[in-house]
Every structure is written in C-alpha cells, then in structure tokens.
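Q: I'm new to this one. Can you walk me through it?
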Amino acid sequence: MEETILTVNHLKKEYEGKPILNDLDLEVKKGEVVVIIGPSGCGKSTLLRCMNGLEQIQSGSVKLREDTIEAGAGNLVRIRQKIGMVFQNYELFPHLSVLNNILLAPTKVQKRDKKDVKEEALKLLDRVGLRDKADSYPRQLSGGQKQRVAIVRALCMNPEILLFDEVTAALDPEMVREVLDVMLELAKQKRTMVIVTHEMQFAQAVADRVLFIDQGKILEEGTPEEIFKHPKKERTKQFLNIFQFKKVEERKIS
C-alpha cells in the first residue's frame, strides 16, 4: 500500500461568513497524481492554498505526513520547503535572472551550497528546454517560458508534493502545450502532484484520480475513465457536457 503524503480532514473554510470549503476530506498517496476539476468559484484554488498554509481555516486539519499545516504556525517555513507550489501568474521576481530566481529559496531558506544548487538548476532548465535562458530576466520570456521556470524553481526545493493552481490559465493557447508537456513528464517520474485545471484532455491523460468539486464539496471522485466516461452524479455530467459543447463550438469557429 502506498504511503499517504497529505491528509485533509473535515476541512472548513469561510470568507466573510460564506462557506468556501465544507467538511472536505482528502488523502494523497506518494507518487499519485490527483487532478481537481470543477466550476469557477467552487473552492479548488482555495483548497490548494489551504494545503500550503496560505489560508486560515475555520476547522478541520491539513497534514503533511505527521506535520499539521496551519497558516501562521511557527513550523510553517520548514513544512513549506516540502510542498512545491506553482501559481497561475508565475510569481517570479522581475529584478532577478532566471537562474537567480531558482537559486534564491534553496540557498537562503534551505541553506544549501550554491554551487550544488546551481548545477541542479541548470540540469532542470536543460530538461525543460530553457538552459539558454538562465541569464535572461522574466520580462524577456514568454508566458510559457515563465511558467516552466516557475516549475523548475519549485522542483529545485526537492519537495515531497507539488501543487499546481491553474498554471495554464494565463497563457496564450499556443503556449499551453509546452507547460503541460513538462507536467506530463513529471507524472511519468511518479512525482506526487495535486493539479487544479480546466484542461480536460490533459486531466484525462495525467491523472491517477480525478476529483469533481462543487460548492466546496467533493461530489464525485474516481479514475479518469470513471469520471470522464461514466460519471455517476448528474452535476458532474452537466459540468462535463459544458466542456463538450465548448469543444464543438470551437471546431465550428475554426
């Protein structure tokens, strides 16, 4: 049986008295790729932010192995070193080169040897096709290149789990593929990942398990085959039908 890396128990999160996550339970196993889908505003991104201690929760718990993840806790810096987070808008420092963006946290937070980290960073940049951009600045990169740098930055911390929050949402369509290809490669390497996405074809290709969230609850979960081919809940069917309609309309337009 695979080891459980992350555990969410009875999680409740509110904004100004409005429930966002409502008594949500989730376990993520080592080497598992969990993809979260659902309508905008259903709590997907908030769940990821709770997993990384970026949001205060009202009740319940989030644990990385035996460590409780809690916003403002004294051990949060240590725990976050084990959780890689890749955001929709890259979050790169504009005044630092690509390489220095990647080196910053491993050398300053983890206190690792700069020479060793640089060697690892350059190897990772090479793997995502950006070795030649090591000395460039974020303003000189395309959106897809920035997002690949953000992924390398997360990987260079050697995290136990990677969280991806709609990482292709801000990209032009032609740049989406280059980012998804990197994530597919990470899945093949059996990296533990939780991915929030609206890219349904990608979700089917990469996921071990798919969660459909609506109104702060997991309404349905299963394998990609179960969720996308044989959904049981009517709400899941309605949501997926919207994407099928969009694909047909896009083909008509093109």
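This is a predicted model: local features need pLDDT of at least 70, side-chain atom pairs count only at pLDDT 80 or more; totals for chains, interfaces and linings use all residues.

Q: OK, so is the crossing of H3 and H4 left-handed or right-handed?
A: Right-handed, for H3 and H4.

Q: Where do those helices sit, and at what angle do they cross?
A: H3 covers residues 98-108 and H4 covers residues 114-127. Their axes come within 10 Å and cross at roughly 130°. That angle is why H3 counts as oblique to H4.

Q: Which residues make the contact?
A: From H3, Val 98, Leu 99, Ile 102, Leu 103, Pro 106 and Thr 107. From H4, Lys 114, Val 117, Lys 118, Ala 121, Leu 122 and Leu 125.

Q: New topic. How many cavities of 30 Å³ or more does the structure hold?
A: The structure holds 1.

Q: And how much space lies in the largest cavity?
A: About 40 Å³.

Q: What lines the largest cavity?
A: Glu 166, Val 167, Thr 168, Leu 180, Met 183, Ile 195, Val 196, Thr 197, Glu 199 and Phe 202.

Q: Which elements each supply at least two residues of that lining?
A: Helix H6 (173-188) and strand E8 (193-196).

Q: And the lining by class?
A: The lining of the largest cavity has 6 nonpolar residues, 2 polar and 2 charged.

Terms used:
Residues are numbered from 1 along each chain as its sequence is written. Side-chain values use heavy atoms; hydrogens and water are left out. Axes are lines fitted to C-alpha atoms, for helices over the stretch in contact, and angles run from 0 to 180 degrees between N-to-C directions. Helices (H or I, at least four residues) and strands (E, at least two) are DSSP runs, numbered from the N terminus. Angles under 35 degrees count as roughly parallel, over 145 as roughly antiparallel, 65 to 115 as roughly perpendicular and the rest as oblique. A crossing is left-handed if the near helix is turned anticlockwise from the far one by less than a right angle, and right-handed if clockwise. Contact means heavy atoms within 4.5 Å. On a 1 Å grid over the protein atoms alone, a cavity is a set of points where a 1.4 Å probe fits but cannot get out, and a pocket is an open set with protein on both sides within 12 Å along at least five of seven lines; lining residues have an atom within 4 Å of a point. Grid points are joined across faces, edges and corners, and a volume is the space filled by probe spheres set on the points. Ala, Val, Leu, Ile, Met, Phe, Trp, Tyr, Cys and Pro count as nonpolar, Asp, Glu, Lys and Arg as charged, and the others, Gly among them, as polar.
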